[in-house]
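Have a look at the sequence and the model, then read on.

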Amino acid sequence: MKRTILSSLAVVALLGTVSCVAQAPSDLSPDTIHKTFQEDPTKDPVQTPGAYAGGETNTFSHVADLGNGIARDPFDILAQRQEEGPPEVRTRLHSCQKIQYGTLRNILIGFGVDMEKTSTPPSAGELWKGAAGALGAANYDARVGETILWSSAGAAKLFDIFVQAAPEIIAALPNVDQCKVDGTGPAMFDDKNQCNPDAVTCLIGRPATPEHLAICNSMVKASSDVETGKKIAVATMLSAAHSCE
Amino acid sequence: MRFYPMLATVLAAAIPLLAACTKSAPSDLNGNGSGNGGSGGGDTSGGTVVVDDAPVLDKTGISLLDSRPKDYNEALRTASLKLVRALPTLQQIKSVAGAKDQKAAYETEIDAMLADTRFNERMIKWWKDVMRMGGGANGKAPSRDTAPTFAARIMAEGRPFTDLFTASKNNCPTYDTMAHAFVDGDCQSGAPAESGVLTDPGVMYQFYGSMAFRRVRWVQEIFVCTKFPAEYSGTPIHKGSADYTSPWPFESVATAPIDFQDTKSVICANCHTTINHMAPLFGNFDANGAYQNKIAVMTPTAPDATPTEMSHWLKPGETTSWRMKTPVSDLPSLGLAIAKDHDVGECAVSRLWNFTMSKEDIVSDLATVPAAVLKPYLAEFDGNGQNLKKTLRAMLTSDDFTHY
């Protein structure tokens, strides 16, 4: 009952919010109404078309978000929250946050990837450097922090990067501090081309289970050749394991 | 040419593996955790916080929370990515996985990460994202790194969170990335007295806007965690086409050149009674964040903006305030008023919870945290001298964080 009342209030509040933020004075310039310009906080605000378009017959057009990002539709948020379940439950469950842009670099370096390497097609380092936007990095000039969730482009780019990083990781893994125990690091594969449990554990950041190893081995075995299979296996393990923080 | 076919294979293969990753749990941990927090009366001893007010859950909710297995290695991985922006090393993973007392081993690793200089750097980044600002000084533009760095330093040094609004010196520290250490620094904004981030030139620059409203909005949304309106009357009054809900006298806000008493479309005064009583305090900072001896923001009049005057915000006789019946005469007294506001502490703890549990933004995405979930951590925060780092540790060692 309590939840029903709260839900009703939330709907009313959201409707109210929409009615407020949707007010657009008709005599504002089209550029302001449709925001075809990129606001730059480093510039004088007068640059913004219609920035000072207050007057007797209109209401100043309030931006819906503190930053320059597009504010989310309140009904979209409401639908998402309803799908996620009661707040007392969903807030106590881990959500899936994307790997942060800087964290991805640290992970790659930890596995021995040379972030300065250049190649054709682009190396993992080159892909990472060119993918700040796709990977949701912050844009502080626009007063927008780093995103929490993946975009489709960002997730695909992450997989791209892991694919390109795989050969370097396979070569470097035995020698990286990230994967050493008592001074010794594991090879990614044994002499029978089977995935090494310690190596998989190190890659995915949690103890490898028999299921992890089975999938890793199947990747090697199912590919057109063993070396390609090894790269696919490593990229697959990384992509799946690090889809969420 | 092999690049894209290989990528497709990886994508296809990743899907079942992802399921294996998220559903797998060490078999020796099955049944080891009840997961629902129990009813421990809000116990915070030993750094473990228990949710004591069992929330009203439907059957599905209880079942879902109870079904989560405890997994200290999964928690270690998530915590490591959050605290030091790196995966746990194989040594760390094995230390926890092979420990007889996994809880103790996990907490040892958490304490080591919280003491790591990488944690301080992570917190600077987190506060940049929270505060929506970052970037070094450039020409006349001041550094936008100092406010997030100050917040991270307060956490790192275990100081009261409220120092963020009240510190009269060292409120613009920098971070030496080579020495991995904070470096003292005063803001030198030119203001008569410094007051934490409230006199940080980088903040004033980043959130410069008409009549200093964006600066007020920044304070409200970042540190109170709600959009305006911020105050509500118990007895709303019908005005125009809607209700006037603010506790302030409706006539307290200006009517010219902008009519904040307008009721034709929306009730402007619902928000602007609060906003306009605070904005003048930020009005003397110019577009570069430097304090001037006169008002340095503009009023959005048509066709050209005009320099703002006090009468543009408020009717004569009105004084600046944080909230109704909380008058403040300057930024230091505003800082003290903010520091005393319980909503501000609750906001900080809510943001920390959302960071810990990978939730979205509490304002932009309405990722609010129910009081029942927040209550034990708020008690911990208030009981530990408003030390956010200790509260973060309590969250990272909680049942909810260690169950997946």
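This is a predicted model: local features need pLDDT of at least 70, side-chain atom pairs count only at pLDDT 80 or more; totals for chains, interfaces and linings use all residues.

Residues are numbered from 1 along each chain as its sequence is written, with chains lettered from A and ligands numbered from 1 in the order in which they are written.

**A helix pair in chain A**
- Helix 7 (residues 152-172) of chain A packs against helix 10 (residues 226-241) of chain A at about 130°, with the axes 8 Å apart.
- On helix 7 of chain A, the contact residues (C-beta atoms, placed from the backbone, within 7 Å) include L158(A), F162(A) and I170(A).
- Among those on helix 10 of chain A are K230(A), V234(A) and L238(A).

**Helix 5 of chain A**
- Y101(A), T103(A), L104(A), R105(A), I107(A) and L108(A) are buried here (20 or more other C-beta atoms within 10 Å of a residue's own, all placed from the backbone).
- Their cover includes helix 6 and helix 7 of chain A, plus helix 3 of chain B.
- After helix 5 of chain A comes G112(A), with a positive phi near 90°.

**Helix 10 of chain B**
- In helix 10 (residues 213-223) of chain B, 11 of 11 residues are buried.
- Helix 6, helix 9, helix 11, helix 13 and helix 14 of chain B are included in what covers them.
- C225(B) follows helix 10 of chain B, and its phi is positive, near 70°.

Note on methods:
Axes are lines fitted to C-alpha atoms, for helices over the stretch in contact, and angles run from 0 to 180 degrees between N-to-C directions. Helices (H or I, at least four residues) and strands (E, at least two) are DSSP runs, numbered from the N terminus. Two residues are in contact if their C-beta atoms, placed from the backbone, lie within 7 Å. A residue is buried if 20 or more other C-beta atoms lie within 10 Å of its own, exposed if 12 or fewer, and partly exposed in between; C-beta atoms are placed from the backbone.
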